[in-house]
Amino acid sequence: MTVVRVEQKVLNENQRIALELSRRFAENEILCLNFISAPGSGKTTLLEGTLAAFRPEEKIAVLTGDLQTENDARRLARYGFPVQQIVTGGVCHLDGKMIERALEPWPLENIDVLFIENVGNLVCPSSYDLGEEAKIVLLSVTEGEDKPLKYPSIFHKAALLILTKVDLLPYVPFDMEAAKANARQVNPDIEILEVSCATGKGMDQWRAWLEHRRAQPQAHFAVSSDSRPH
Ligand SMILES: Nc1nc2c(ncn2[C@@H]2O[C@H](COP(=O)(O)OP(=O)(O)O)[C@@H](O)[C@H]2O)c(=O)[nH]1
Ligand SMILES: [Mg+2]
């Protein structure tokens, strides 16, 4: 019982910080997107493909979280936009405090789109809002179509599901229609895209989704009411 109470308190404190972050994002007209998936689903690769398509003068910034190493930040920094690695030192998710601290050196008026690559984990990051406009969940075709049912929380909260590595479909027994039906079972409103960074399939649709979201006025972030300790 004590453990549950402590975790709830940590989450409430995180929600307070997330609301403040979201207020600052809205004030500075920043579109902030929080990418969540299991390790290896293709978050960094998708972000690399995404950054490569922006003009150099665009105001894009990236925060990327990992338990250890700065590998992802090194990969992403090649595209010329500001990138910062958040090494959590073993913590399985990013939280609002980490984002606040990472943003300190960056003038927010110089950012139009902030991508956050969360720590590779399908469970913990879904409980920690970061003030983002939307969560995006990635599921690669090598992971199995049952994952939305096994890990419903993130599929429930995400605005967009990106099914990645679709170039591998001929080689793996992945039922695409079942995967989509499972995702819609936990979240009837979820948008779904199929993407391969290897072949470029679906990248135009992904960019169109992004530009559409950029064109929308930033809705003030609503703290999820069903945040629960994991
Ligand atoms: N075949 C294939 N492999 C991919 C694709 N996207 C990523 N990968 C590979 O999947 C592995 C993990 O990708 P990464 O972007 O590091 O995943 P992350 O841990 O979610 O950031 C790497 O070896 C990538 O080259 C894809 O579209 N097709
Ligand atoms: Mg990565």
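Mentor: Let us start with a term: buried means under 20% relative accessible area, exposed over 50%, and partly exposed in between, with a 1.4 Å probe and protein chains only. This is a predicted model, in which local features need pLDDT of at least 70 and side-chain atom pairs count only at pLDDT 80 or more, while totals for chains, interfaces and linings use all residues. Residues are numbered from 1 along each chain as its sequence is written, chains are lettered from A and ligands numbered from 1 in the order in which they are written, and side-chain values use heavy atoms, with hydrogens and water left out.

Now to the metal. Thr-44 (OG1), Asp-72 (OD) and Glu-117 (OE) coordinate the magnesium ion (ligand 2), at 2.0 to 2.1 Å. Donors here are N, O and S atoms within 2.8 Å of the metal (3.2 Å for Na, K and Ca); water is not among the atoms, so sites may look incomplete. Along the sequence, the spacing of these donor residues is T-x27-D-x44-E. Thr-44 in helix H2 (residues 43-52) and Glu-117 in strand S4 (residues 113-117) are 73 residues apart, a pair that links distant parts of the chain. Helices (H or I, at least four residues) and strands (E, at least two) are DSSP runs, numbered from the N terminus. Thr-44 has a relative accessible area of 6%, so Thr-44 counts as buried. Glu-117 is buried too, because its relative accessible area is 3%.

Next comes ligand 1. Its shell has 16 residues, and the closest are Gly-40, Lys-43, Thr-44, Thr-45 and Asp-167; a residue is near a molecule or strand if one of its heavy atoms lies within 4 Å of it. H2 supplies the largest share of this shell, 3 residues. By type, the shell around ligand 1 holds 4 nonpolar, 7 polar and 5 charged residues. In this grouping Ala, Val, Leu, Ile, Met, Phe, Trp, Tyr, Cys and Pro count as nonpolar, Asp, Glu, Lys and Arg as charged, and the others, Gly among them, as polar.

Gly-40 places a backbone N or O atom 2.8 Å from an oxygen atom of ligand 1, and Lys-43 has a polar side-chain atom 2.8 Å from an oxygen atom of ligand 1.

Finally, the helix you asked for. The buried residues of H7 (residues 176-186) are Met-176, Ala-179, Lys-180, Asn-182, Ala-183 and Val-186. They lie on the same side of H7 because they cover an arc of only 160° around the axis, the arc being that of the directions from the helix axis to the C-beta atoms. Exposed Glu-177 and Gln-185 sit on the face of H7 turned away from its buried side. Lys-180 has a relative accessible area of 14%, so Lys-180 counts as buried. Its side chain makes a polar contact with the side chain of Glu-194 (2.7 Å). A polar contact is a pair of N or O atoms within 3.5 Å; within protein, one must be able to donate a hydrogen and the other to accept it, and residues adjacent in sequence count only if both atoms are side-chain atoms.
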